[in-house]
Every structure is written in structure tokens, then in C-alpha cells.
Amino acid sequence: MVARPRLSERLDRGGDAALTLVSAPAGFGKTTLLTEWLATADRRSTAWLSLDDRDNDPNTFWTYLIAALQTAVPGVGAGAFALLREPHASLDEVLATLVNELDAVPDDLVLVLDDYHAIATPEIHERMAFLVEHLPPHVHLVIATRADPALPVARWRARGELVEIRADELRFTPEEAAAYLNEAMGLALTAEHIAALEARTEGWIAALQLAALSMQGRDDPAGFIAGFAGDARYIVDYLVEEVLQRQPDDVRHFLLRTSILNRLTGPLCDAVVGRDGGRPMLEGLERANLFLVPLDDRRTWYRYHHLFADVLQAHLLDEQPGTVPDLHRRAAEWFERSGERAEAIEHALAAADLDRAADLLERVIPDMNRHRGEATLRRWLESLPDEVLRARPLLSAGYVGALMSTGEVRGAEARLEEVERWLAGPPGGADGGVVDEARRRLPGQIAMFRSAQALVSGDVDASMRHARRALDLAAPGDLATRGGPEALIGLAFWTTGDLDEGYRWYAQGMASLDEAGYATDVVGGAVTLAEIRIAQGRLRDAMSIYRRGLRRAEQTVPALKGAADMHVGMSELFRERDDLEAARGHLVRSQELGPSSDLPKNAYRRRLAMARLCEVEGDLDGAFELLDEAERCFNNDYSPDVRPIPALRARMEAAHGRLGDALDWVGERGLSADDDLSYVREYEHVTLARVLLARHAVEDGAGASLRAATGLLDRLLSAAEAGRRAGSVIEILVLQALAAQACGDMPAALAALRRALSLAEAEDYVRTFADEGAPMTALLRSAGASGSISGYVRRLIIACGVHDDEPVAQRLVEPLSARELDVLRLLATDLDGPRIASELFVSLNTVRTHTKNIYAKLGVTNRRAAVRRGQELDLVRGR
């Protein structure tokens, strides 16, 4: 109704940015501005999606978004929509497909998300951030919202990828207010009256609109304007009252009764109001400009302006409170008949129609689980009285599943027992459909839930017993159901220290889930599989697992879910190799990806990796601060906590002169060198041995501490060797070498060291030795004193900080740096230049520079000659 070229020009400039953000409080004309701009701009394709609170379920959100796109470009997103309805497809796969389909659209496409402030689900924000980052150049996103969204707006602003229009720009100028009030609304107000209204409303368009409607037909607009005062809420209440009082009874009746609806269409309004004529009434309200917003181009669906709806609902409760439940009940019946169960459930709950809501919920639980709607499902179930849940076994079991999907187990057992009592009773009715099938699967679900509960409580035997029962009860081809119990058995074996069986079972569980289409779960499972391999001392296998997990995460957009976790894992392995540049690079990449790519455990895992890197780099204060942060966000899911954060802190304290704090930890944990040993406390007992050795070093050779450490290490070594935990074996042997060195028994020290080196060399262990400092340097020198020093030992001595020419000279005019040694080692493999760069997390140009330096220092001109010369100098192990 009022041309605003200044804003249209601003929106036009947004074509060069990925996102246009229109952010202002309610009533500032965001939606009107965008509809006007889209109507006048020369664009071939425009998609519009108006959002509300019920769109917070990710599956619902993306279903509607794809449907909106298809109104603009028929067929676009068809592949993504088909995936969305697949039982086991992940939203990551859906969005990956959608991005590819958008890339194939030949013409410019604008997607508008209106009322984005209604979205509060982090998972949706995370994926939206990914979508913005990966939109094809010809696709432009516009978000209209009352508050800034939980998206990386600051980052996009800094990159120049964002166009913004805010409340100050949206306010009517005096000239625009005059055009609206006099030309559009025909009020013939004086300049003084317009200035007064402009000042009172501060350009707030909704208030001006309401004022204009109230003044139509008045003989004394000046008197009305003079009495126009109050805050925003008062103004809206007062003016809507004025508008409502001027409506005919049938219009007022329609407005009040349909105000309970979040969206309106003719047949739905007929059902709720109880009379025909809904469609022409809606068309008339739109023509009268009574705050009705069309939701599609065909004028089939509408919604009320949010402020208008709020006030209508308030009047409905004041005037006809007894009708509200019945209105919601009628809406629920209509939506159920139309097959829109989610809307039907919302209205049934609002009507307190508990039986209808419960019946509907029993039927939607399988679909909600398939499409990861646990958050919405939990909200619905918690809206029901507890006695309804307890009377319905499917709802109780569904609630337990929704809770345990986030790791909550409190109160689950009581509900499971109630479900079992129901199962033990006389057979109930069956409908032969999804509800009947769900009832048949209840015993297996109960067993799986019990397995997870037992694992959390530390009862490993019970966890295995329940998981095996769940497998016995699951249908042979039900891979999604079998994958969970198989993974739980793997975690239980890991907890006992049987890493071989733990890996086998957990890998089988991930294979089942992979075949069932649970891509994100499979990426997350890579962390567990890699951690088991690390405990087995198989660092190269762990690196391969992380790399495969990263590739899988990169294929399962949006948000590269789990990619950040893979980078953190690789950072830890590069730190162990003493490739600190690559370790830092992977951590930086993990942070750049942001929380959207994190799985639940990564918040604390990243901080642990950063803390250990800070320790190597000498930033102890930073390391301890990061450990504190890691404890605050600790979430180990259902995995055993085999490397407790407090134990890592005690190790750092003992290694860096804070022995008193480390001894306090020993006392708090009640640790003793005579304790019975178990795998879950192995890390703590190895830490105790470190504390005892540190105590011996600072207390003038207190023999008791040294003897206690030596005895404890002997027992720990036997247990680790019996469990085939090579990672622990290597560390324990290193400590035994240091303990024997402290006793003056050099033959024993060197024997332990050589055993450790023989196990560690093939897997690229470095920091495990180098972190021990000067005593280890002396041992490494002694190990090579009787003969030539291997390239591996030389590398360890360099990592300890020794760069002189004593017994470790490389017989070169200029020795190779640590990074050049890494490149030379990889030149001896089958990796090409780009894959070497990826392995070291550097650019290809950096690899080429290192290679050029290596050739110069070795006096060669090609890769084969460099490898041969490196082998002659014992810098590279022969094949």
C-alpha cells in the first residue's frame, strides 16, 4: 500500500550475498516488505515458508521447506523428499541430496523463511547454517524474524555475505506515514495529526495500521489522536478492541473462534466454527486488511498476524472460556481426518482430549523414531498426565526411548516394569497395523533399554545378558533393532578390558546400523572404534578409522555431523606423532566447523585434545583451564570412562612440579599400590605409578615410593599383556625403564626401553617417550651407545629437544627438521603429493617446499633417490 523503494533497493543488493536477514519486532512490516519486493522484482522463482512453533521438529521443518521449494520449482527436492520418508534415512543424507538438487536448478531462486524466530531447535539452526554456507550462487535465502536467529550471523557479516534490514530501517518515515494514512487509508489527516501519530508510534507500522482502522468513519480524528497513548501492548489491546467492536457479529464470532488455529483454511474453519462459509469469510477478511497473512499463492491457507491472534485469543478466553476445549477438539478431528496427525495431536492436547491424543501418539511413535522426532515426541508425551502414560505400554516404552536417546535413565526402570506387567497379562486388542507390530517388538525394546541402564550403572554382566536377550527377541532382518544391542555388547566387553571382543561386537553393531541407514550413528561410532584401537596400540588403524569417518561425515551433510569429532581424534594422533603443526591444524578445523558438526561427546574431547597440546607447547595454565572446562561439559554417552579427566590432571600436576595436588587426587580416589586391578581403573593406577615416581624424585630418593611404583608397574604390565592392550603395555614399559633408571639398574632400564621401542616404532609413537623429558633423553642415548642409532630413536631424541651433533648426528651438512623427516617417511610410501599433504594436514605447496629441501640436504634429485639415501642413513626404515 506504500511504496518503499529505499528498502527494495537494499533487498536487491542482497542478491550478491548468501543471506538477507530482516530482523525486527512484531508489527514492523517485515512480511509486507518482502511480499511487495518479491511481487515487483524480476524473478522467475520464489519459494515462501511461514513457520510456527510446531515446526521445531527437524523432520517437519525440512518436509515443509522442500514442499515450499516445490511450489516455486516443480520437482526440485524430489529426491530429498523421497529420502525423508525412508525409514532409516538420516537428515544429513536428505540435505546433501537437496543441496545437489538446488545446484541443478537453472534459474535464480529465492527462498523466504518467515517468522524464523519460532524455531528454537539447535539441530535445525545447525543445518540451516550449513545450508547457508553451501547454497549455490543462484539460490538466495531470506530470513524474516523478530529476533536474531541462532546462526553465525557475525561471521557472515564479517565476510560480507549478509545483507541486513532492521527495525530502525523498517519504521515508517513521516513521508511514508502520510502516504499510508491519507492515500492508502483515505483519512485526510493534517500534517500535524500525522506527525503526532508518527511520534506516538515511533513509526511502528502495526500501531499505525490499527490506528487507521480505528479512525475510519470518525468525525473527530484529532480527539482520537490526542488520547492515543500508552506502551506497545496497551496500544495493541486498545486498538484491536476498537477494531473488534466495529465488526459485524458474524465476523467477530468467526475471528474469535478461529483464533485457536495456527493456520486457517476454509474447510477447517467451517469445522471449528460450526457453519459453512469459511473460504469466502477468509477472502473478505483479507480484502478488509484485518491482519490476515496468506501462506500460499492460491489463497488456500492463511494465518492471523501474531499480535492480532494473541489479542483475539485473550478476548475468546474472557468472553467464551467454556468453548475453547471444544474448538480444539473440532480442530483435532478435522486434522485427523485429513491425515495430519501432528496437528491433530497438538489440538487434542490443547483440548485435554487425552484418549484421542494417546491413540494418535501410539500410531505416530514408530514414524517419529524413524525420522528422529524424539524431541517433539518427548514434548507430546510429557504433556499427558502420568496416569495416561502408565496405562498405555506403548506410550511408556516410547517415553523411555525418547529419554534414553539423550542418555537419561532416571525413572526408566519403573516404566519398563509396568510395561512388563502389561505384557504378562491377558492379550489386549490388536489392530493388525503399526500399533500391533509395535506391541510385538516391546519385549526386545525393554531388554535393550535394560542393557543400556545396566551399563551406565556399571553392571557389565547384566548389560550383556539383557543385550543378548534383545538380540534373541529381534527379528533376523531387523538391522536397526539389532545394531543397538550389538553395540552395547561391544561396550560391555570394552569395559571389562577384552578389547578384541569389544571391537568385534561394536563394529558389528555399526555395520548393522550402517546397513539400516543410520549414517550419523555410524560416524559417531568411529570415535569408539578408534579409541579401542588406540588402547590396543594400533594407532595407524585408529587414524584410518578417523579418516573413513571424516569421509562419511563429509558425505552426510548438513553440518558435516561428526566431522569435528574426527578432526579432534586425528589431532590427538598427530600430537602423539609429534606433528604439532598438523595436530593444531585439525583442532582449528574442528573449531571452524562449529557446534553444528559436533556429536555429544566432542565438546569435552576437543578441550582435552587442546589441553594436551597446550602442555606440549608449555602453556600449563591454559592446559589446566581447558581441563576444567572439559569436566564441566563431560558426556561420555554409554562408553566406559577409561581415561578420567581428573587422572589426566593429576598426571600433568605430577609432571610439572605440582606434586601436592597430585597426591591430593590420590587420596580423594583412595588409590593404593596394593589395590586389586581392573581395566576401568588401569589409567588411574598407571597415573598413581607416575605420582609415586615423581614423589621419589623430589623427596631425596624415598625408597618406599619407588618400590611401591615398581611393584605396581609389574602387576599392571602383566594385566595389560594378558588383555592384549599394547597401548598400556608401551606406557608401562616406559615407566618401568624410568623406575629402573632411578634405581641405578641400567640393564633393566634399557631392556624395558627396548621392548617399548620395538612395540612403538611401527605405530609412530613419539610423545609417549618425549614427554618424559631429560631422563628419557639419557636413556635413549644409552640405548644407542653400543651401536648405530636407528632413525626412529634419533627422531625421539630430536622430539625430546636435542638438536646437537653428539651421538645422533645424521652425517649430513644440515640435518633434516622433524617435519622434513615426516615428509621423507611418507615419500617412502605409495602416497602421492596431495595425499601426503592430507596426511600431514598441510598444503600441497608446503609438501613441495619440504621435498625440495630434503633433496637439497640429501644431495639427490628425485623421490626414489631420496628414499634410498634416507634408508642408507637410517632415517627411513627399509621396506
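Q: Is threonine 20 buried or exposed?
A: The model is predicted: local features need pLDDT of at least 70, side-chain atom pairs count only at pLDDT 80 or more, and totals for chains, interfaces and linings use all residues. Numbering starts from 1 along each chain as its sequence is written, and side-chain values use heavy atoms, leaving out hydrogens and water. Buried means under 20% relative accessible area, exposed over 50%, and partly exposed in between (1.4 Å probe, protein chains only). Threonine 20 has 0% relative accessibility, so this residue counts as buried.

Q: In which strand is threonine 20, and which residues does it contact beyond four places in sequence?
A: Strands (E, at least two residues) and helices (H or I, at least four) are DSSP runs, numbered from the N terminus. Threonine 20 belongs to strand β1, residues 19-23. Contact means heavy atoms within 4.5 Å. Beyond four places in sequence, threonine 20 contacts Leu11, Gly14, His140, Leu141, Val142, Ile143 and Val163.

Q: How many Å apart are the C-alpha atoms of tyrosine 116 and isoleucine 143?
A: Tyrosine 116 lies in the loop between β3 (109-114) and α6 (122-134). With a relative accessibility of 1%, tyrosine 116 is buried. Residues it touches, setting aside those up to four places away in sequence, include Phe61, His125, Ile143 and Pro149. Tyrosine 116 and isoleucine 143 are 27 residues apart in sequence, and their C-alpha distance is 6.6 Å.

Q: How many residues of helix α11 are buried?
A: Helix α11 spans residues 205-215. Its buried residues include Gln209 and Ser214, along with Leu208, Leu210 and Met215.

Q: At what angle do α47 and α48 pack?
A: Two packed helices are described by the angle between their axes and the distance between the axes. Axes are lines fitted to C-alpha atoms, for helices over the stretch in contact, and angles run from 0 to 180 degrees between N-to-C directions. Helix α47 (residues 844-858) and helix α48 (residues 863-872) have axes 10 Å apart and pack at an angle of about 55°.

Q: What handedness does the crossing of α47 and α48 have?
A: The contact joins Ile854, Tyr855 and Leu858 of α47 to Arg863, Ala866 and Arg869 of α48. These residues divide into four nonpolar (Ala, Val, Leu, Ile, Met, Phe, Trp, Tyr, Cys and Pro), two charged (Asp, Glu, Lys and Arg) and no polar (the others, Gly among them). A crossing is left-handed if the near helix is turned anticlockwise from the far one by less than a right angle, and right-handed if clockwise. The crossing of α47 and α48 is left-handed.

Q: Which term describes how α45 lies to α46?
A: The axes of helix α45 (residues 818-827) and helix α46 (residues 833-840) come within 11 Å and cross at roughly 135°. Angles under 35 degrees count as roughly parallel, over 145 as roughly antiparallel, 65 to 115 as roughly perpendicular, and the rest as oblique. The angle therefore makes α45 and α46 oblique.

Q: How many disulfides does the whole structure hold?
A: A disulfide is a pair of cysteine sulfur atoms within 2.5 Å. A search of the whole structure gives a count of zero.

Q: How far from cysteine 614 is the nearest cysteine sulfur?
A: Cysteine 614 is buried, at a relative accessible area of 10%. It is in no disulfide. The nearest cysteine sulfur belongs to cysteine 633, at a distance of 15 Å.
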